[in-house]
Amino acid sequence: MGRCSACADMTVEHLRGTMVFYHPSLRSLRDSAAAGCDMCRMFWVSIQQRYEREDIDAVLSGKAIEIEGGQPLYDERVWLLGEFRDRGRSHSKYNESTWGSAVWVYCGYTEDPDMSVKPGVLQSRVAVFADPGTPAAAIFKERYFMADRNPDGHVEFARGLLARCWSSHPECGPTNTDPPPEMPTRVLDIGHSPGSTKLVLARENGLREPYLALSYCWGQGVHHATELRDNNYTCLLESIDEMALTAAHRDCIAISRKLGIRYIWIDSLCIIQGNPTDWEHESKMMAEVYGNATLTVIAGRTGDSRLGFLTSHMKQEEPPCALPLGQKDEDGTDTGDVFLCLPRRMLRGVINTRGWCFQEMVLSRRKLTYEVDQVCFSCQRLERAEDGNTMVHNSYQLRSRLFRALPSSVVDVENLEVEREQLRTQMLQLWYQAVFEYSYRQLTNPHDIFAAISSIAQLAKRSIRSRYLAGLWEVDIVRGLLWYTYFTISGREIIWPKDAPSVDPRPKRPTKVDGKPAIRAPSWSWASVQGRVRELSRPQSESLYRDPSNFLIQPMPKTKAKPQDTVNSPDYSLDRLTWTAWDTPHCDADVLHMPTCELWFLGRPKPVHCVSWIGLPKSDLTKSHPLCRRMPGTHGFRVLLEAGETEHAGLDELGVIPLRASSTTTPSHDRRDTALPPLVFASACFDVGEEQADNIDCWFLPLIKEKWEGLLLRKDVSDGKFRRLGLAVVIKKQFLPWLLSGPEEEVRLV
């Protein structure tokens, strides 16, 4: 069967910008698709992909879906609406965020569609594209690159966008009129044809040419047949056999040649493998390697470098079908067709779960990403996908701020300091967002947690102007300590790509390949756990976390004499005070491994006892803070804190709670009783749920006023030092006099 009567004369011009009647009901569309009409089947499959079976069955039976009330439909008709972005017709400009061209299908209405703006009960989107080299390609920018259709179209797609960016985007610099920036220590010279590839010492020879960098996943346990090593260094300077390279490396060479870029950087061929000294030196240079590259190619659609990435082998449930333009040229000849296809996702793939790849993506000025479903080009101005979806970036991005020139030429010293403080504030906000995006990613070697983000930290340090302590900034140490594991508070799992390895979203302590613990960071650092983390502050309360007068802990002086300064003193200065112990190992942004670092400050830790949430009544006191909300399935992380037994007499003396009430530590069985046990004063969340059972008696260290947030700690009886267990917040303000009572004492946090 050919096309049905509803589709036989359908054209772009027919659908453009107006609702067009399509079928009398969803049943009619389904039956036409089953009879063999390819266009009806395209729209039918798009609905099936978007909605659950029970929702579709409801509309097929003439009823609204359950979320809409399930009542009989007022109107069962099916309509189409074309949204076309072809350049001759669209009002959107190159520099505006837009969706690619599409045709929408709407079905089933609970109200009169002629009198209401309410959309159909079911609605789905079918994408539009033009094949390269056809008349339609001159006016439609959307493309479709698959193994069986336009397999090499990605080259022209990349070449056109790269040329436009290179010539007219100064913010992406350098442009094609600027001298190329400094190159990495070593690059591959791939020449102009196979057989001419070799390793060259770019910096030693003063070479400055455009080059391409590769970001990819090696694959679990993969060792490349050809890698740069001390024993083949001289040989690779003479020649490299391309056929002996892994598939991902060959694909990188192929696309670079087609784009006319002669030099490329690939980690395993430009860093000496098995040489710790060279690895450490080169690992600190990633800001220059990826930041100076003309283009970074990101192999997102495969997690194994032995597989190629240039060609997409994705199979859609329904093949593309033609949609005539409905236009004629000057000779009266039809100008051809565009094509309809099922929507493609914006999904980077396994590479979006890998730790080292995060830094590489952030640092790159231009990226050509071979995603799971399509190819995407992005620069500092915009991001454009193969399907035509375009997103324009604003200037408030991590990379633009990292590489921004620091203010240094302002004559007015006061204005200079204001600008520098604003830059610091902005960079701290971006840093915490970067940690949120980075912390859930996986590392083959868990000890690389700081190395894989070191170049971002080095650039951020120029704006933050502070010591970098195992992932935290000393100038913002109090806020930095108040991180939490995202899963324990939100209860949300990480959404992983379908082709990514299955990962338990619950936070845990990092382990080596053999399952043994990997001590890669001090307990107070977010890097001490494997899992997504976030800090507590919000923009509207940032000043609270930056004002030292709100701090309940204070740094120590840099001499062993009794402290003379506090954070509230007029001459408070980090030049005279420190948050770290004298014998702490060297910590800084360019230090790749920081398994130990001891914080040393003054505070008032209080002994506490953990009480389970289970069986306790609900209370309004436990709703005001994220740490206080009970989430299903997270009881293993959450506890309530009550004052330790040694504190009962002090509480009675302060009048916080009568001593006679202190024995009531179990909840009432009366369901009308909504009061928490009298000694409960705080809610806490363990960073790792499995650690709760072994830590019933702990310590609470308040860090900041107003919010009254602090750390849940355990104390090692052998050395008197504290280790972080989690985060806590005070929920009963009558306990504040007790928390502030007594002299400050030295706290050593490891």
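This is a predicted model: local features need pLDDT of at least 70, side-chain atom pairs count only at pLDDT 80 or more; totals for chains, interfaces and linings use all residues.
Let me begin with the whole chain. Its secondary structure comes to 20 helices and 29 strands, and of its 750 residues, 56% are buried. If we take the contacts between residues at least 6 apart in sequence, 71% of them join residues that are at least 24 apart. The accessible surface of the chain comes to about 33,100 Å², and carbon and sulfur atoms account for 50% of that area.

Helix α3, residues 26-35, and helix α5, residues 53-60, have axes that come within 8 Å of each other and cross at roughly 110°, which makes α3 roughly perpendicular to α5. On the α3 side the contact is made by Leu 26, Arg 27 and Arg 30, while α5 brings Ile 56, Val 59 and Leu 60. Sorted by class, this contact has 4 nonpolar residues, no polar ones and 2 charged ones.

The second pair is helix α12, residues 355-363, with helix α15, and here the axes come within 9 Å and cross at roughly 45°, so α12 is oblique to α15. Phe 358, Gln 359, Val 362 and Leu 363 of α12 meet Ser 454, Ser 455, Ile 456 and Leu 459 of α15. By class, the contact of α12 with α15 has 5 nonpolar, 3 polar and no charged residues.

Let us stay with α15 for a moment. Why can we call helix α15 largely enclosed by the rest of the structure? The reason is that 8 of its 11 residues, in the stretch 454-464, are buried. Among the buried residues of α15 are Ser 454, Ser 455, Ile 456 and Leu 459, and these four residues also take part in the contact with α12. Just after α15 comes Arg 465, which takes a positive phi of about 55°.

That brings me to the cysteines. As a reminder, a disulfide is a covalent bond between the sulfur atoms of two cysteines. How many disulfides are counted in this model? The count comes to 0. Cys 4 is in no disulfide, and the nearest cysteine sulfur, which belongs to Cys 40, is 3.4 Å away, where the cut-off for a disulfide is 2.5 Å. Cys 4 counts as buried, because its relative accessibility is 10% and the limit for buried is under 20%. For Cys 597, the closest cysteine sulfur is in Cys 587 at 3.3 Å, and that is too far for a bond. Cys 597 is buried as well, with a relative accessible area of 4%.

Finally, I would like to look at one loop. In general, most residues other than glycine have a negative phi. In the loop between β26, residues 697-704, and β27, residues 709-715, we find Glu 706, whose phi is positive, near 65°. Trp 708 lies in the loop between β26 and β27 too, and its phi is also positive, near 50°.

Key. Residues are numbered from 1 along each chain as its sequence is written. Side-chain values use heavy atoms; hydrogens and water are left out. Axes are lines fitted to C-alpha atoms, for helices over the stretch in contact, and angles run from 0 to 180 degrees between N-to-C directions. Helices (H or I, at least four residues) and strands (E, at least two) are DSSP runs, numbered from the N terminus. Angles under 35 degrees count as roughly parallel, over 145 as roughly antiparallel, 65 to 115 as roughly perpendicular and the rest as oblique. Contact means heavy atoms within 4.5 Å. Ala, Val, Leu, Ile, Met, Phe, Trp, Tyr, Cys and Pro count as nonpolar, Asp, Glu, Lys and Arg as charged, and the others, Gly among them, as polar. Buried means under 20% relative accessible area, exposed over 50%, partly exposed in between (1.4 Å probe, protein chains only). Accessible areas come from the Shrake-Rupley method with a 1.4 Å probe; for residues, only the protein chains shown count as cover.
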